[in-house]
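Hi everyone, thanks for coming.

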Amino acid sequence: MQEIHSDKLRIEEKKSVALSSVFAAIFITAIKAVVGILTGSLGILSEALHSGLDLIAAVVTYFSVRVSDKPADKEHNYGHGKIENLSALVQTVLLLATCIWIIIEAIERLVTGKTTIEVNIWSYVVIILSIIIDFSRSRALSRVAKKHNSQALAADALHFSSDIWSSSVVLIGLAFAQFNWFFVDSLAGLIVAGIVIAVSIRLGKRSIDVLLDKAPKQWIAEIKKTLETFDEVKQYHSLRIRSAGADTFIEFSVHMEPELKLRNVHEICDRIENELKNTIPRCHVWIHAEPDEKSHILSEAEDTYRH
């Protein structure tokens, strides 16, 4: 009962922070678009487009968080966690789409020299306000993402944190525009695109790795360390790890003394499983126990680890 209550609180917290990010993205996108159109600033308009795609990403994140925590069913035996990773990949595509428009528009303005920007107090207000909101949302999302091991929320936090840097660059461009150095605004747009590309590559790689079931390296050492603390385990092999959203699935084989009773073997496996669950959040462990025979030689292809 307590575990069910804890799961409900976790789901509600994730949904709450995701939904608040949607409202924040709506507000930021709206004010950037209005001020960008009124001033003609490419930097602010590129930020408005960036924030607009962030809004789409925030909506995708919200719905993915709602779905990802659904329990496993007959069609999805490992749960629905990978919807979070798919959500992160969608966000990557949206970020790259932002870059295409920004780069084309910035290069056109630099080549033609047709850049006139009307800078007023609202130009500075919208960017500074955006930085403050982005900083607040990024911290909130990062905190909940780490707490619940949510890749979708982590991706959303990455969006908001990238907005902080890009907005700072636009702010510099606006300052130079005060002295009629309008080309700096176009350069600011290109720098924004560079930042977005860097974030996209980082985010996309993480998403694809999980979707392709790449073993999370950060847990391999922890699992080996845990197994080596059990004297009953003579050797272990066939270690496989995969992630799906916030869940980690682990399976491996262990060798124990042939004389041990089945009840003892089961108790040892339970202890190993509990130890791993205390180390790796939301992990699911499958252990195959075998009798240890000294004459038995394991193939190197089985990725055998010995004490």
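At 35% relative accessibility, Leu-187 counts as partly exposed. On that scale, buried means under 20% relative accessible area, exposed means over 50%, and partly exposed is in between, using a 1.4 Å probe and protein chains only. Leu-187 is found in helix H6. When I say helix or strand, I mean DSSP runs numbered from the N terminus: H or I with at least four residues for helices, E with at least two for strands.

Before I go on, some housekeeping. This is a predicted model, so local features need pLDDT of at least 70 and side-chain atom pairs count only at pLDDT 80 or more, while totals for chains, interfaces and linings use all residues. Residues are numbered from 1 along each chain as its sequence is written, and side-chain values use heavy atoms, with hydrogens and water left out.

Okay, back to Leu-187. It belongs to a nonpolar patch on the surface, together with Leu-110, Ile-172, Phe-176, Phe-179, Trp-181 and Phe-183, and the accessible area of the patch is about 700 Å². Two elements give two or more residues to the patch: helix H5, residues 151-177, and helix H6, residues 183-211. As for what makes a patch, its residues have over 30% relative accessible area and no salt bridge; like charges are joined within 9 Å, and nonpolar side chains (Val, Leu, Ile, Met, Phe, Trp, Tyr) within 5 Å. The areas come from the Shrake-Rupley method with a 1.4 Å probe, and for residues only the protein chains shown count as cover.

Next, charges. Side chains of opposite charge can pair when their charged atoms come close. The cut-off for a salt bridge is a side-chain nitrogen of Lys or Arg within 4 Å of a carboxyl oxygen of Asp or Glu. How many salt bridges does a search of the whole structure find? The count is nine.

One of them joins Arg-143 and Glu-13, at 3.4 Å from N to O. Arg-143 sits in helix H4 and Glu-13 in helix H1 (residues 2-39), so this pair ties together parts that are 130 residues apart in sequence. Glu-13 is partly exposed, at 22%.

Asp-209 has a relative accessible area of 21% and Lys-205 is at 49%, so Asp-209 and Lys-205 both count as partly exposed.

Then there's Arg-282 with Asp-247, at 3.0 Å, N to O. Here the arginine lies in the loop between helix H8 (262-279) and E3, and the aspartate in strand E2, so parts 35 residues apart in sequence are tied together. Arg-282 is partly exposed at 26%, whereas Asp-247 is buried at 10%.

Now the rings. Rings of Phe, Tyr and Trp (its six-membered ring) pair if their centres lie within 6.5 Å; planes under 30 degrees apart are stacked, over 60 edge-to-face, and the rest tilted. The whole structure has two aromatic pairs. Tyr-62 and Phe-63 are edge-to-face, 5.4 Å centre to centre with 70° between the planes. Tyr-62 is buried at 14%, while Phe-63 is partly exposed at 48%.

Phe-249 and Trp-286 are stacked, because their planes are at 25°, with centres 6.0 Å apart. This pair links distant parts of the chain: Phe-249 is in strand E2 (residues 247-256) and Trp-286 in strand E3 (residues 283-291), 37 residues apart. Phe-249 is buried at 7%, and Trp-286 is partly exposed at 46%.

On a 1 Å grid over the protein atoms alone, a cavity is a set of points where a 1.4 Å probe fits but cannot get out, and a pocket is an open set with protein on both sides within 12 Å along at least five of seven lines; lining residues have an atom within 4 Å of a point. Grid points are joined across faces, edges and corners, and volume is the space filled by probe spheres set on the points.

The second largest pocket has a volume of about 410 Å³. Its lining has 21 residues, with Gln-151, Val-210, Pro-216, Gln-218 and Ser-243 nearest the centre. H6 turns up again here, giving the largest share of that lining, four residues.

And the search finds one cavity of 30 Å³ or more. Its lining is Ala-25, Ile-28, Ser-51, Asp-54, Asp-134, Phe-160 and Asp-163. H1, helix H2 (42-68) and H5 are the elements giving two or more residues to that lining. That's my tour, thanks!
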